Amino acid sequence: MKPLHQLVPGEKAFIVDMRNTKLCEKFFELGVFPGDLVEMKENNSANNSVVVTINNHTLNIYRPAAETIITNV
């Protein structure tokens, strides 16, 4: 298991835990839940964000928030 921000572009993993309450609520509103498959599109430390695809949603996530999402490759 590793945090979302450690995935490399093209890598896929399943969400196993979301430890940020506000982000968790936002994901639930989008229909994203633990167990869903996530694909890393861009992992850009220069602008402090990651871009992922989950359930046909492309999301730009602030790196500190991505650190709170635990995945299982």
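I began with E11, which is in contact (heavy atoms within 4.5 Å) with K2, Q6, V38, E39, M40 and V73, once its neighbours within four places in sequence are left aside. I note that this is a predicted model, in which local features need pLDDT of at least 70, side-chain atom pairs count only at pLDDT 80 or more, and totals for chains, interfaces and linings use all residues. Residues are numbered from 1 along each chain as its sequence is written, and side-chain values use heavy atoms, with hydrogens and water left out.

**Entry: where E11 sits**

I looked up the place of E11 and found this residue in the loop between β1 (2-3) and β2 (12-18). Strands here are DSSP runs of E, at least two residues, and helices are runs of H or I, at least four, numbered from the N terminus. Is E11 buried or exposed? E11 counts as buried because its relative accessibility is 17%; the cut-offs are under 20% relative accessible area for buried, over 50% for exposed, and partly exposed in between (1.4 Å probe, protein chains only).

**Entry: salt bridges**

Side chains of opposite charge can pair when their charged atoms come close. I took a salt bridge as a side-chain nitrogen of Lys or Arg within 4 Å of a carboxyl oxygen of Asp or Glu. By this rule I have three salt bridges.

- E11 and K2 meet through their side chains at 3.2 Å, N to O. K2 is partly exposed, at 23% relative accessible area.
- R19 pairs with D17, and their closest N and O atoms are 2.9 Å apart. R19 is exposed at 58%, whereas D17 is partly exposed at 28%.
- E39 pairs with K41, with 3.6 Å between the closest N and O atoms. E39 is partly exposed at 22%, and K41 is partly exposed at 40%.

I also noted E39 among the contacts of E11.

**Entry: the aromatic pair**

A pair of aromatic rings is described by the distance of the centres and the angle of the planes. Rings of Phe, Tyr and Trp (its six-membered ring) pair if their centres lie within 6.5 Å; planes under 30 degrees apart count as stacked, over 60 as edge-to-face, and the rest as tilted. How many aromatic pairs does the structure hold? I found one. The pair is F28 with F33, stacked, at 5.0 Å centre to centre and 25° between the planes. F28 is partly exposed at 37% relative accessibility, and F33 is partly exposed at 39%.
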